[in-house]
Amino acid sequence: MTVSLTLLLALLLDTLLGEPKRGHPLVLFGSWATHIEKRLILPKDRLNINQKINGLLALTLAILPIPGAIFILTRSPLLNMLLSPLILYLCIAPKSLLQHTLAIYKPLQAGNLTQARLAISMIVSRETQQMDFQAIRKATIESTLENGADAIFAPIFWFALAGPAGAIFYRLSNTLDAMWGYKNQRYMHFGYAAARLDDILNWIPARLTALSYMLLGNTQQAWHCYRQQSPHCASPNAGVVMSAGAGSLDIQLGGDAIYHGQLISKPALGTQNKATNQDIKRANSLILSTTLLWLSIITLGEILA
């Protein structure tokens, strides 16, 4: 089965079913990773190098068995044809992403700050209790742009490059980065391997996503923001995606935010135009357009190959 047909089937499954509400494999994987973490993370007074070694061991034990099993199973052409659309469907989440952002858009439109804060808390790690309407708008669009790269386009890239095992390997590593990639006392060294692996696996997909955002919006402005602003971002991948996306939408994103009680200073991204409620829908449209662009390019590449 071709990559384009597999992607089309995965997108259809996502449109019809959305994310599984119970027993999602990534939730089960998270429980497995937590089990490993409890047994391998060391007391804080141990040497940092030991924490890094145990973090690498935990990463290996958590991730490798699953894509390894998928690789063996999909050596069979029949199983590959049956499992590939299902696996890719479980690795991407466009419908869930758009649903979460619309759940924030609705209370913003109604002027309900309390409900908007509750809805945004479902998709961001920053503190939301003190957010005003503008901060919520920006955080929603930032999350849309970044999660588009992480939860849709990177899995598609790795599926196209390395098949279902590649998509699974990426999605599990991204999940571990979300669990262990914090720069706090507990995870600074234990989560080092997970964070670096996620940076490596996202490097090319993030830049392809940024390029896609540029092509589908204000291209000149997006290119300028990408070149001038992304080098000042802490993340080597989120910065390129959000700066290009902000420029494409011709709005201002970024700025300071509170994480775990600490104010983190972040650069302003995009232009000087303040985000509006409707820009949330524009960001959603950018995600959908990028998905169709990738499907079209993959299909065209297969036809010409």
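Which residue just after α1 takes a positive phi? In this predicted model, that residue is G18, with a phi of about 65 degrees.

Helix α1 itself runs over residues 3-17. From its first C-alpha to its last, this 15-residue helix reaches 21 Å. That is close to the 21 Å expected at 1.5 Å a residue. Its buried residues are S4, T6, L7, A10, L11 and D14. They lie on the same side of α1, because they cover an arc of only 160 degrees around the axis. An α-helix has 3.6 residues a turn, so residues three or four places apart point the same way. On the other side of α1, L16 and L17 are exposed.

The largest nonpolar core holds 78 residues. Within this core, I141, L145, L176 and W180 touch the most other members. Helix α8 (residues 133-180) gives the most to the core, with 19 residues. In soluble globular proteins, nonpolar side chains tend to be buried together. The contacts of I141 were then listed, leaving aside its neighbours within four places in sequence. They are L249, I251, L253, A275, D279, I280 and A283.

A positive phi also occurs at D250, which is not a glycine. Its value is about 60 degrees. D250 lies in the loop between α11 (238-249) and β1 (252-254). D250 is partly exposed, with a relative accessible area of 27%.

Notes:
Residues numbered from 1 in each chain as written. Predicted model: local features only at pLDDT ≥ 70, side-chain atom pairs only at ≥ 80, totals over all residues. Heavy atoms only, no water. Core = buried A, V, L, I, M, F, W, Y, C linked by side-chain atoms within 4.5 Å. Buried < 20%, exposed > 50% of the residue type's maximum accessible area, 1.4 Å probe, protein only. Helix = DSSP H or I, 4+ residues; strand = E, 2+ residues; numbered from the N terminus. Contact = heavy atoms within 4.5 Å. Expected span 1.5 Å × (residues − 1). Arc of directions from axis to C-beta.
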